[in-house]
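Let's take a walk through a protein chain together. Have a look at the picture first, then follow the notes below it.

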Amino acid sequence: MASSVQTSANRPMPAYERIKVDILHHIDGGTWRPGDRIPSENDLVRQFGVSRMTVNRALRELTNDGRLLRVPGTGTFVAEPDTDSGLLNIRSVDDYIAAHGGKHRSEVMSLEEVVADDAVAALLDTVAGVRLFHIVMRHFDDETPFQLEDRYVNADLVPGFVDQDFNSRTPSSYLTDAVPVTEIEHVIESVAPDVDEQKFLKLAASDPCLVLRRRTWWNDDVVTHVRFVSPGHLFRLSGRFKPFSRR
């Protein structure tokens, strides 16, 4: 007679642990190889009949253990062995805040359809006059302004973007499930905040900010360009890598 998986205390295994065990079974058994994209959070929610929060915890813990690589707006991948890809694995802001014991909330400041001018069209490798969605929002750790997000989205590739409630779900999370991504670009720099960034993030003109600019592609088309601005004292990127050994 088959029995359910039990913990050492003879209690049923928590749902997030069951998900972790299943994912590791696929990885260690060779079904999913390094670089393979694993099922989306929505797919895992349906497969296991659990909440998104439960799935998110399982993926976050496996990412922290170096078994998975999560790329917001793209998906979750099997990590290369013996590699902590901290600088590449830039978490979605809600994951980052939760992992540091905080409480994430967001505030949509504007969400609209726009017509690209020359400058914006260049960001998405397209031509002036195309339809885009533009969202500006703030992310908070409890009541502390944590990040300003300024994002353009290809309206033809993601027509449902403008109809989403991004006060309850981040754009990065939605895009991960909405459209496949074949390429991603990250540019990280330190800058002084402009007047709007000072106002929205409650910063002084002399306070340094960490800026991440990200573009993602689906085949030859740019899906989204986003600029994240975070106060330098609140946000930290790190990575530990092992060089390839000589054969």
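Glu-41 is found in helix 2, where helices (H or I, at least four residues) and strands (E, at least two) are DSSP runs, numbered from the N terminus. Keep in mind that this is a predicted model, in which local features need pLDDT of at least 70, side-chain atom pairs count only at pLDDT 80 or more, and totals for chains, interfaces and linings use all residues. Residues are numbered from 1 along each chain as its sequence is written, and side-chain values use heavy atoms, with hydrogens and water left out.

- Glu-41 counts as buried, with a relative accessibility of 11%; buried means under 20% relative accessible area, exposed means over 50%, and partly exposed is in between (1.4 Å probe, protein chains only).
- Setting aside neighbours within four places in sequence, Glu-41 is in contact with Arg-52, Val-55, Asn-56, Leu-59, Arg-70 and Asp-177, where contact means heavy atoms within 4.5 Å.
- Gly-129 is in the loop between helix 5 (118-123) and strand 4 (131-141), and its relative accessibility of 47% makes it partly exposed.
- Apart from neighbours within four places in sequence, Gly-129 is in contact with Val-115 and Ala-116.
- Glu-185 has its place in strand 6 (residues 183-191) and is partly exposed, at 30% relative accessible area.
- Glu-185 and Thr-216 are 31 residues apart in sequence, while 6.4 Å separates them in space, C-alpha to C-alpha.
- If you don't count residues up to four places away in sequence, Glu-185 touches Arg-213, Arg-214, Arg-215 and Trp-217.

**How helix 1 packs**

- Helix 1 (residues 15-28) and helix 3 (residues 52-64) pack at an angle of about 50°, with axes 8 Å apart; axes are lines fitted to C-alpha atoms, for helices over the stretch in contact, and angles run from 0 to 180 degrees between N-to-C directions.
- Helix 1 and helix 3 are therefore oblique to each other: angles under 35 degrees count as roughly parallel, over 145 as roughly antiparallel, 65 to 115 as roughly perpendicular and the rest as oblique.
- On the helix 1 side, this contact is made by Ala-15, Tyr-16, Glu-17, Ile-19, Lys-20, Ile-23 and Leu-24, and on the helix 3 side by Thr-54, Val-55, Arg-57, Ala-58, Leu-59, Glu-61 and Leu-62.
- The axes of helix 1 and helix 2 (residues 41-48) come within 12 Å and cross at roughly 110°, which makes helix 1 roughly perpendicular to helix 2.
- Here Arg-18, Ile-19, Asp-22 and Ile-23 of helix 1 meet Leu-44, Gln-47 and Phe-48 of helix 2.

**A helix tucked inside**

- Which residues of helix 6 are buried? They are Pro-171, Ser-172, Ser-173, Tyr-174, Leu-175 and Thr-176.
- With six of its eight residues buried, helix 6 (residues 171-178) is largely enclosed by the rest of the structure.

**The whole chain**

- The protein chain has seven helices and eight strands.
- Of its 247 residues, 40% count as buried.
- Among contacts with a separation of 6 or more in the protein chain, 60% come from residues 24 or more positions apart.
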